[in-house]
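Open the structure in your viewer and keep the sequence panel beside it. We will go from the whole chain to single side chains, one selection at a time.

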Amino acid sequence: MSDENSSSSGIGWFLAGLGLGALLGVLYAPKSGKETREEIVSTALDAKQRAADLVEKGRQQATEYVDRGKDYYEKGRTQWSQYVDKGRGYVGETAEKLSAAVEAGKHAYQTTTTETDA
């Protein structure tokens, strides 16, 4: 029976301490409930605005990076076109020189064979 009294007395002391803690919390709270709620709402709105600002800043940076990437792509494409054009010019010049060399070789061969036949 002593155990039953002890456990109910422990619960009673616990509830008394809980009530006293709540009372002291209300008495010594720095702000009223309304002020606390208003502060929570204000803080939440500020956080929402900061988040929106960060999202906008992120969008601007992403757009800047995409634009920069497009510029690099276009520069690379232009350079590639220039290299291809130079290569075509080089191949054309080399083909002309080769044709001239072949013609000179043919002419030399014909001249040499005609002179040896005569």
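**The whole chain**

Start with the cartoon view: the protein chain has 2 helices and 0 strands (DSSP runs, H or I of at least four residues for helices and E of at least two for strands, numbered from the N terminus). Its radius of gyration is 47 Å, well over the 13 Å that the globule rule gives for 118 residues, so the chain is more spread out than a compact globule. That radius is taken over C-alpha atoms, and the rule is 2.2 Å times the number of residues to the power 0.38. Along the principal axes, the C-alpha atoms fill a box of roughly 145 × 40 × 10 Å.

Before zooming in, note that this is a predicted model, where local features need pLDDT of at least 70, side-chain atom pairs count only at pLDDT 80 or more, and totals for chains, interfaces and linings use all residues. Residues are numbered from 1 along each chain as its sequence is written, and side-chain values use heavy atoms, leaving out hydrogens and water.

How many of the 118 residues count as buried, in percent? The figure is 0%, where buried means under 20% relative accessible area, exposed over 50%, and partly exposed in between (1.4 Å probe, protein chains only).

**Select Y28**

Y28 sits in the loop between α1 (2-27) and α2 (33-117). Y28 counts as exposed because its relative accessibility is 68%.

Next, go to T36 in helix α2. T36 counts as partly exposed, at 35% relative accessibility.

**Salt bridges**

The whole structure holds 4 salt bridges (a side-chain nitrogen of Lys or Arg within 4 Å of a carboxyl oxygen of Asp or Glu). Let us visit some of them.

- Select D85 and R88, whose closest N and O atoms are 3.9 Å apart in a salt bridge. R88 is exposed at 60% relative accessibility, while D85 is partly exposed at 47%.
- Finish with E56 and R59, joined by a salt bridge of 3.8 Å, N to O. E56 is partly exposed at 38%, and R59 is exposed at 53%.
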